[in-house]
Amino acid sequence: MKVRRRLSPVLYVLPALLIILLFRTIPILGGFLASLADYDIGGFHGFVGTDHYQRMLSDPRFWLSLGNTVHYVLGVLPAGIIIPLGLAVLLKEGLEGRSLYRTVYFLPVVTSTVAVAVVWTWVFHPEAGPLNQIITMLGGEPLAWLREPRGIFELLLAPAGIRPTGFLAGPSLALVAIMTVGVWKSIGYNTVLFMAGLENIPKDCYEAAKLDGAGRWASFRHITWPLLSPTTFYVLIMSTITSFQTFALVYVMTPPPGGGPLGTTNVLVFYLYQKAFDRFDIGYASAISVFLFVLLLVLTMLQRRFGERKVHYS
Amino acid sequence: MKALRHILLSLGAVIMMAPFIWMVSTSLEDGGFANYTEAWNRVPFGLFFINTIAITALTVLGVVITSALAAYAFATMEFPGRGMMFTLFLSTMMVPQPVYLAPSYVLLAKFGMVDTYGALIIPWVANVFSIFLLRQHFKTIPRSLYEAAVLDGCSRFQYLWRVVLPLSRPVLATVVLFNTISSWNSFMWPLVMTHSESLRVIQVGLSYFSQEMSGNYRLLMAASTFCTLPLLVIFLLFQKQLVSSYTGSGLKD
């Protein structure tokens, strides 16, 4: 028998395992416990059952931030899918300059969110920003952008004399401005995903369709769209998950303590941040975290369940 | 038709680039490069850069070491609990940072690590995505190579060091790039875990700078420019590898 000193396999895994257990698993489980406890700047004061969750349900600011987040997600998704899909279709294989375009579109993805947010805050600046200058040049009325608490539908429908209120007033113009940046920053990433998805569609499908006399739209509608559905679904779910976690854009573009004009850009993670690190109400903040976690877990599971089903092309 | 394609794509490119162009042109208004030196000297950006570079370098080094070791074990060795551990790793990948942020703060406070470099580095020296990526690659290296190396008297660790890692340079590069970017750009974690100016990283420094200077856009744009420049250069140099690491092409097989 060969006796040879070998490092045990567990020793190879140990460094990573320790870090993951200590700094992921324990805080995640600790968060569940803290959500059931009274935990503040003075430390642990005993368990309180589901008190924090009940408080959440009757906390108008929680509902406001959830509503803002839902507005944000619903606003960012369609643009974050349609624009990249269009760009990916335009960037067909073999097009000259393809990789140059891709590089340009991808630039905002790797740029830090903070820097991007600082630049866009300037773009939206009501007096000196380039956007209002362009609008004024074209003969329009300058807008307050990041300082505008009124809802987008409220603003759009005002000339018609209709005044929607509450959730129906839509996201505030300030939040719409932040959504624009969110979309702008994610376009490159989603475009590349769609480009990869398109490359996976067998070319003979299109040739067969052409022989049958199908036009561009028909082949997009009947070949590209259905065969691309796994990619589309993946992009949809990933964008939803990241949009639900928006924080840096809100933090920089509508800085604390505000959370935007009249709290209209206060999204879920920003609210969580305020509760945990301004008030140091760890128990309540943890309840919000658990809520967010369950929401995102359901979405991830949806992706696992439905995302992999249609991946076969044959 | 082809012209239309290029018109639309160029229009898109202009919209994507416009904020960057405005950033640079505003930073050079009234005074030109003097805006840069003024912004750089208003707050200790030099220190923030040193902090960020040191933290990024140490984090990436740690990630490469822990990931290579773990991925090697997961890819080539049989041991009890392997499947369970791998599942545990993958499941933590699905939990987003905001979810464990507050309890992590409490934990780091218990260790006396809040407001230290350790708080910014140690929790991030393991990265599940990198382990996964490396494991996928290590699995493709033929077993016969290992057997031949063992016959030549190579130990298991030497095989990793002398054969597996040199054969994995492209994947290692992807791991390095991916972690460099996410470490350099990380914001919420250092914002929460540090308070002293001496520990500040550039993302946090820039966000405070933007609150302090909210009127002075020339200085703000100058600061944004020099804070984005290093990564922009890295991106342009390695863009092909980067794009594929971002879209997780390694996750396909």
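Two residues are taken to be in contact if their C-beta atoms, placed from the backbone, lie within 7 Å. The structure described here is a predicted model, and the contacts reported below were computed from its atoms under that criterion.

In the model, Val119(A), Trp120(A), Trp122(A) and Val123(A), which belong to helix 5 of chain A, meet Pro19(B), Trp22(B), Met23(B) and Thr26(B) of helix 1 of chain B. The residues that form this contact between the two helices comprise seven nonpolar residues and one polar residue, with no charged residue among them. Two packed helices are described by the angle between their axes and the distance between the axes. For helix 5 (residues 113-123) of chain A and helix 1 (residues 2-27) of chain B, the axes come within 10 Å and cross at roughly 80°. Because angles of 65 to 115 degrees count as roughly perpendicular, helix 5 of chain A is described as roughly perpendicular to helix 1 of chain B.

Considered as a whole, the contact between the chains draws on 69 residues of chain A and 63 residues of chain B. On the side of chain B that touches chain A, the largest share is contributed by helix 13 (residues 217-246) of chain B, which provides 12 residues. That side of chain B is made up of 46 nonpolar, 15 polar and two charged residues.

Chain A contains 14 helices and two strands, and its C-alpha atoms fill a box of roughly 85 × 75 × 30 Å along the principal axes. Of its 314 residues, 42% count as buried. When contacts in chain A between residues at least 6 apart in sequence are considered, 70% of them join residues at least 24 apart.

Within this chain, helix 8 (residues 173-199) of chain A has 27 residues and reaches 38 Å from its first C-alpha to its last, which is close to the 39 Å expected at 1.5 Å a residue.

Chain B, by comparison, has 13 helices and zero strands, and the C-alpha trace of chain B spans about 70 × 60 × 35 Å along its principal axes. Buried residues account for 41% of the 253 residues in chain B. Among the contacts in chain B with a separation of 6 or more, 81% are between residues 24 or more positions apart.

Conventions
Residues are numbered from 1 along each chain as its sequence is written. Chains are lettered from A and ligands numbered from 1 in the order in which they are written. This is a predicted model: local features need pLDDT of at least 70, side-chain atom pairs count only at pLDDT 80 or more; totals for chains, interfaces and linings use all residues. Helices (H or I, at least four residues) and strands (E, at least two) are DSSP runs, numbered from the N terminus. Ala, Val, Leu, Ile, Met, Phe, Trp, Tyr, Cys and Pro count as nonpolar, Asp, Glu, Lys and Arg as charged, and the others, Gly among them, as polar. A residue is buried if 20 or more other C-beta atoms lie within 10 Å of its own, exposed if 12 or fewer, and partly exposed in between; C-beta atoms are placed from the backbone. The expected span of a helix is 1.5 Å times one less than its number of residues. Axes are lines fitted to C-alpha atoms, for helices over the stretch in contact, and angles run from 0 to 180 degrees between N-to-C directions. Angles under 35 degrees count as roughly parallel, over 145 as roughly antiparallel, 65 to 115 as roughly perpendicular and the rest as oblique.
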